[in-house]
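Work through the exercises below with the coordinates open. Each task is followed by a stepwise solution.

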Amino acid sequence: MYQLKEFKLPEGFRGRNAFTVQLWWLVYFFLFKPSPQFMYGWRRFLLRLFGSKIGKKVILRPSCQITYPWKLEIGDYSWIGDEVVLYTLGKIKIGSNTVISQRSYLCTGSHDYTKTDFPIFAKPILIHDSCWLAADVFVSPGVEIVDEVIVGARSSVFKSILEKGMYKGTPLKKE
């Protein structure tokens, strides 16, 4: 079915050259990840150094993972919890006063399974202000979540949420 030898990464897909990508992974491994919990300013500094737009007093736990920081924007006073994955193959924009709780996974990329060369694609994720994604929430490529949305623990968000409220489950349902 698949002919993976035909797979080609689209030109410019990572958004930076291979050297910068590898440099980020070294900085992440040696300086970001082992930094003490309280060094939020240090982690904000490192991300900004690599092109992230990080707002005031953003809390990023050292165990969170950011694939390509130059594709990340986080508004003021937001929190990114332990072991959160921000899979920034595409852009992720998180508003102000928003919490992404532990082990949540924001996934901007996937593959087209209908084609034999299994091409990769990316679609942005946009999470607006004053949202809370509770523990272990999955958000798929191309999703937008408007202001004042709560997504319950272990829920999966495959479609945009365009009305404020509380949502939970898989499939996702409004409370």
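**Exercise 1.** Which residue forms a salt bridge with Lys164, and how far apart are the closest N and O atoms?

Solution. The model is predicted.
- Step 1: The partner is Glu148, and the closest N and O atoms are 3.3 Å apart.
- Step 2: Glu148 sits in the loop between β15 (144–145) and β16 (149–151). Lys164 sits in the loop between β17 (156–157) and β18 (165–168). The two are 16 residues apart, so the bridge links distant parts of the chain.
- Step 3: Classify Glu148. Its relative accessibility is 44%.

**Exercise 2.** Locate the salt bridge between Glu73 and Lys93 and give its N to O distance.

Solution. 
- Step 1: The side chains meet at 3.9 Å, N to O.
- Step 2: Glu73 lies in strand β4 (residues 72–74), Lys93 in strand β7 (residues 92–94), 20 residues apart.
- Step 3: Lys93 has a relative accessible area of 36%, which is partly exposed.

**Exercise 3.** Is Glu175 buried or exposed?

Solution. 
- Step 1: Find its partner. Glu175 forms a salt bridge with Lys168, with 3.9 Å between the closest N and O atoms.
- Step 2: Glu175 has 59% relative accessibility. The cut-off for exposed is over 50%, so Glu175 is exposed.
- Step 3: Lys168, at 40%, is partly exposed.
- Step 4: Check for shared partners. Glu73, Lys91 and Lys93 are joined into one salt-bridge network.

**Exercise 4.** How many salt bridges does the structure hold?

Solution. 
- Step 1: The total is 9.

Conventions
Residues are numbered from 1 along each chain as its sequence is written. This is a predicted model: local features need pLDDT of at least 70, side-chain atom pairs count only at pLDDT 80 or more; totals for chains, interfaces and linings use all residues. Side-chain values use heavy atoms; hydrogens and water are left out. A salt bridge is a side-chain nitrogen of Lys or Arg within 4 Å of a carboxyl oxygen of Asp or Glu. Helices (H or I, at least four residues) and strands (E, at least two) are DSSP runs, numbered from the N terminus. Buried means under 20% relative accessible area, exposed over 50%, partly exposed in between (1.4 Å probe, protein chains only).
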